[in-house]
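The sequence and the model are shown first.

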Amino acid sequence: MEEPHRGIRALHTASTITVYQAYAPEIGVTAVRDGRFPSTWLRDRMTWIKPSFLWMMYRSNWGTSAGQETVLAVEITRAGFDWALRHACLSSYVRGLHPDRGTWQRELKRAPTRVQWDPERDLHLRPLPYRSLQLGLSGEASSRYADDWIVSISDVTPLTNEIHALVRDGELDSATRLLPQEQGYPAGEELLAHLRP
C-alpha cells in the first residue's frame, strides 16, 4: 500500500498515541521517574513532539546529540492530540491553502500549535519520498500536554541504542523488527484539511 505524501504514522491505540521527544538526562530521567515533566521543563518554550520514531532518531542523531541523550516515548490521549491538530497552523505559508501571507502570519501568531511536514527517514536516517508530521506546542497547548494529555512516559534510550547498533552492524532486518509498529493515524479530513498543502 502506497504511503500518503503527507501522513501521520504512529504507534496508537483506540485512546492514545505515542510521540517521541529527547532531552538531557536531568529532564528525561526525572520525567520517566515521576510520570510528568519536572518543574525545570520550560512551559513557555515551544516543544516539538514527533509521532515518527525514526524522525526522532534523525533529529537526535540516535540520542547522541547534546541535550538529547534521553529518548522518551510519551503516550498521550488521542483527544489531546486531535485538539492539537484542530488548533494548529502550518509553520510555513502555502499559496492557495492560506488566503494570503498576512492572514497566515496572523493565524500562526494566534495558534497554540504548529505543524511541519518533514521527510520521513529510513534506518540510515536518509530522507524518504513522503513526509511525517512534527507538532509544535506552545502556550495553552504546552500546558495541556504537560498537565492533561500524558498517560505515560517511557525511556526508550536502550531501544534506541540497540536498534542503532544493529544498523551499524548491517543487521537491518533485526533492526526493523525492533521498531515501534507505526501505522496510519485515523485523523479525518476535518482535522487535516487546513494542514495539508
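Which residues of the largest nonpolar core touch the most other members?

## Basis of the model

The model is predicted: local features need pLDDT of at least 70, side-chain atom pairs count only at pLDDT 80 or more, and totals for chains, interfaces and linings use all residues. Residues are numbered from 1 along each chain as its sequence is written, and side-chain values use heavy atoms, with hydrogens and water left out.

## Nonpolar cores

Ile 8, Phe 37, Ile 76, Phe 81, Leu 85 and Tyr 145 touch the most other members of the largest nonpolar core, which has 36 residues. A nonpolar core is a set of buried Ala, Val, Leu, Ile, Met, Phe, Trp, Tyr and Cys residues joined through side-chain atoms within 4.5 Å. Buried means under 20% relative accessible area, exposed over 50%, and partly exposed in between (1.4 Å probe, protein chains only). A second, separate core holds 17 residues, including Tyr 20, Ala 22, Leu 125 and Leu 179.

When neighbours within four places in sequence are set aside, Leu 85 is in contact (heavy atoms within 4.5 Å) with Ile 8, Leu 133, Ala 187, Leu 191, Leu 192, His 194 and Leu 195. In soluble globular proteins, nonpolar side chains tend to be buried together.

## Overall fold

The chain contains 8 helices and 10 strands; these are DSSP runs numbered from the N terminus, helices being H or I of at least four residues and strands E of at least two. The radius of gyration is 17 Å, close to the 16 Å given by the globule rule for 197 residues, so the chain is as compact as a globular protein of that length. This radius is taken over C-alpha atoms, and the rule is 2.2 Å times the number of residues to the power 0.38. Along the principal axes, the C-alpha atoms fill a box of roughly 50 × 40 × 35 Å.

Of the 197 residues, 49% count as buried. Among contacts with a separation of 6 or more, 75% join residues 24 or more positions apart.

## Surface and charge

The chain exposes about 10000 Å², of which carbon and sulfur atoms supply 49%; the areas come from the Shrake-Rupley method with a 1.4 Å probe. The mean positions of the 23 positive and 24 negative charges are 8 Å apart. Lys and Arg count as positive and Asp and Glu as negative, while His and the chain ends are not counted. Each charge is placed at NZ of Lys, CZ of Arg, CG of Asp or CD of Glu.

## Loop residues

Most residues other than glycine have a negative phi. Asn 61 has a positive phi of about 50° although it is not a glycine, and Leu 125, also not a glycine, has a positive phi of about 65°. Asn 61 lies in the loop between α2 (53-60) and β5 (70-77) and is partly exposed, with a relative accessible area of 41%. Leu 125 lies in the loop between β7 (113-121) and β8 (127-137) and counts as buried at 13% relative accessibility. The C-alpha atoms of Asn 61 and Leu 125 are separated by 8.6 Å, although the residues are 64 apart along the chain.

Leu 11 occupies the loop between β2 (9-10) and β3 (16-23) and counts as partly exposed at 33% relative accessibility. Beyond its neighbours within four places in sequence, Leu 11 is in contact with Ile 17, Thr 18, Tyr 20, Pro 180, Gln 181 and Glu 182.
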